[in-house]
Amino acid sequence: MAGKQWTAEEDAILAKEFALGKTREEIARVLGRTHIAVGYRYRLLEDKLLLEERKKERIRQLEAKSVSPQENRKERKCLCCGKMFLSHYSMNRICRKCRQKRDLGLPDNMIFDT
Ligand SMILES: [Zn+2]
């Protein structure tokens, strides 16, 4: 019972006919194969689809994770100059400009607001 190779077209027909509610026997007749071969092939297809679905789910989860560190990103008021600035985490309360000034001891006109 080492049937011939399944083509992509046959797989497509199989998936479609099954979705339409056809029995294995009916699909077997359409494809010229045994219902056992059809049933076996369908199980393989199903496994493949399930695997792909899981892979997609995994990617979705990873993407969600990679986005979450940004959640804390919002406009906060600088404790130093009182201006609103884009803070990347909740403990970040001093704007870039003030930090540069503090760290480098530079005068105002030497600070570049980026
Ligand atoms: Zn500031």
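Angles between axes under 35 degrees count as roughly parallel, those over 145 as roughly antiparallel, those from 65 to 115 as roughly perpendicular, and the rest as oblique. The structure is a predicted model, in which local features need pLDDT of at least 70, side-chain atom pairs count only at pLDDT 80 or more, and totals for chains, interfaces and linings use all residues. Residues are numbered from 1 along each chain as its sequence is written.

The protein chain contains four helices and two strands, where helices (H or I, at least four residues) and strands (E, at least two) are DSSP runs numbered from the N terminus. Along the sequence these elements follow the pattern α-α-α-β-β-α. Of the 114 residues in the protein chain, 6% are buried. A residue is buried if 20 or more other C-beta atoms lie within 10 Å of its own, exposed if 12 or fewer do, and partly exposed in between, with C-beta atoms placed from the backbone.

Helix H1 (residues 8–19) and helix H2 (residues 24–31) have axes that come within 10 Å and cross at roughly 150°. Axes are lines fitted to C-alpha atoms, for helices over the stretch in contact, and angles run from 0 to 180 degrees between N-to-C directions. H1 and H2 are therefore roughly antiparallel to each other. Residues Glu10, Ile13, Leu14, Glu17 and Phe18 of H1 meet Ile27, Val30 and Leu31 of H2; two residues are in contact if their C-beta atoms lie within 7 Å. By class, this contact of H1 with H2 has six nonpolar, no polar and two charged residues. Here Ala, Val, Leu, Ile, Met, Phe, Trp, Tyr, Cys and Pro count as nonpolar, Asp, Glu, Lys and Arg as charged, and the others, Gly among them, as polar.

In H2, the buried residues are Arg24, Ile27 and Leu31. Seen down the axis of H2, these residues fall within an arc of 65°, so they line one face of the helix; the arc is that of the directions from the helix axis to the C-beta atoms. Just after H2, Gly32 adopts a positive phi of about 70°.

Leu79 is located in the loop between strand E1 (74–77) and E2, and counts as exposed because it has 10 C-beta neighbours inside 10 Å. Not counting residues up to four places away in sequence, Leu79 touches Arg93 and Ile94. Tyr89 lies in the loop between strand E2 (84–87) and helix H4 (96–104). With 13 C-beta neighbours inside 10 Å, Tyr89 counts as partly exposed. Tyr89 and Arg73 are 16 residues apart in sequence, and their C-alpha atoms are 5.7 Å apart in space.
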